[in-house]
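Take a look at the model below.

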Amino acid sequence: MSDVKFGKKLDSELKNIVFTDKSRNRVLERAAGRRRAPEYGGAADHASAASGRAAEQSRAVEHSETAAFRSSADHTSADHGNAAEHNVAAALRSAAAAGRRLSGAKEWWERLHSFMNLELRIPVKPLVVALFITVSGIVYACFGVTRVSAEDIRRSSITVVNSNQGGQADGIYKNKG
Amino acid sequence: MELPERTERPGIEYTLTENELAALMDAYSNMLLRTAVLLLKDLRLAEDAVQETFLKFYAGYANYRGEAGIKTYLGRILVNECRQSRRRAWYRRNIPTPEFELELADESAETDIRSLHDRLSLTEALMKLNVGSREILLLHYYNGLTVREIADALGMPEGSVKSRLKRGRDRLRDILQEDFCDE
């Protein structure tokens with residue numbers, strides 16, 4: 001089986017499956033929306049959290065780079081070449097730091113999230129919810145939140161009154177203490 | 001397809017124009033869509049995955065360093081998108097849904113690529129493989145990625161890619177031969 005044959009055969013079998021103009025236009029519209037967003041203050045197209053974050057980071061870096069470039073231009077015109085270079089380097093460093101700050105803990109959480117989801121195939125959010133409920137239950141039960149002491153539980157018993165009439169709902173539970 | 005070269009200077013905005021994005025889509029969209037269809041077995045999910053792939057490439061173009069080819073980079077994004085879609089749709093897989101029906105093209109005119117294996121379509125045979133083998137076979141034989149590029153894209157050692165590639169190829173051959181012997 002040569003790869004040319006494989007590709008050609010698949011293409012011939014799937015030639016009815018084509019990327020429609022509608023899909024193409026939708027991508028272009030969303031791309032245009034992304035481009036407009038930072039300049040005109042329009043709503044950015046946050047189709048996904050990851051790409052939204054990337055856009056935010058790139059805007060932060062872009063902003064600093066542009067500022068540095070302008071600053072360097074001003075200084076160059078005033079014949080301060082070294083100072084301009086220094087400013088560019090400083091602005092680039094601050095841009096990189098801004099990028100790092102934006103990532104940080106959230107980045108690590110997302111890495112862990114995607115590792116557990118993709119590699120271990122564990123649904124993370126339901127797991128976190130289940131853990132939260134379990135831990136809350138344990139805390140609730142163990143730390144006397146109910147104000148029922150172990151002694152109360154030990155001394156309590158169930159007594160059925162009027163059992164010859166099938167019992168009554170009220171007064172079934174009697175605390176001997 | 002070639003994208004404009006970058007100059008490493010601050011203050012220059014590394015973005016694609018809409019025209020370049022459109023040209024990218026013209027060049028690679030059908031191949032990516034067919035790959036996604038084979039990976040997801042659902043045309044709508046596949047279309048969504050391909051759209052997201054192009055948008056992510058567009059949004060993250062500043063991060064594209066040009067070390068890998070565009071096809072490799074797009075393939076990598078697509079495979080991750082398909083994985084995410086499968087994860088998002090995990091509950092749907094557990095509910096019986098109508099069988100995925102591909103409208104396979106009539107091959108009567110394609111005499112040049114006819115072979116003994118025409119009795120069972122390659123698409124159907126690929127659908128019988130597990131997702132891991134299908135991903136690797138498609139990336140290598142259909143999208144044209146090298147073993148190293150696949151290893152980079154999927155984040156696994158080259159040796160694993162090679163062994164999975166061999167297993168997938170053997171399994172595909174078995175499936176096609178079983179069908180041939182049945183007839």
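## Contacts along the chain

In chain B, take the contacts (heavy atoms within 4.5 Å) between residues at least 6 apart in sequence: 63% join residues at least 24 apart.

This is a predicted model: local features need pLDDT of at least 70, side-chain atom pairs count only at pLDDT 80 or more, and totals for chains, interfaces and linings use all residues. Residues are numbered from 1 along each chain as its sequence is written, chains are lettered from A and ligands numbered from 1 in the order written, and side-chain values use heavy atoms, without hydrogens and water.

## Fold and surface

Chain B has eight helices and zero strands. Helices are DSSP runs of H or I, at least four residues; strands are runs of E, at least two; both are numbered from the N terminus.

Of the 183 residues in chain B, 45% are buried (under 20% relative accessible area, 1.4 Å probe, protein chains only). Chain B exposes about 9800 Å², and carbon and sulfur atoms supply 46% of that. The area comes from the Shrake-Rupley method with a 1.4 Å probe.

## Helix 2 against helix 3

Helix 2 (residues 43-59) and helix 3 (residues 70-88) of chain B have axes that come within 9 Å and cross at roughly 130°. That makes helix 2 of chain B oblique to helix 3 of chain B. Residues in this contact include Phe54(B) and Phe57(B) of helix 2 of chain B, and Leu74(B) and Ile77(B) of helix 3 of chain B.

Notes: Buried means under 20% relative accessible area, exposed over 50%, partly exposed in between (1.4 Å probe, protein chains only). Axes are lines fitted to C-alpha atoms, for helices over the stretch in contact, and angles run from 0 to 180 degrees between N-to-C directions. Angles under 35 degrees count as roughly parallel, over 145 as roughly antiparallel, 65 to 115 as roughly perpendicular and the rest as oblique.
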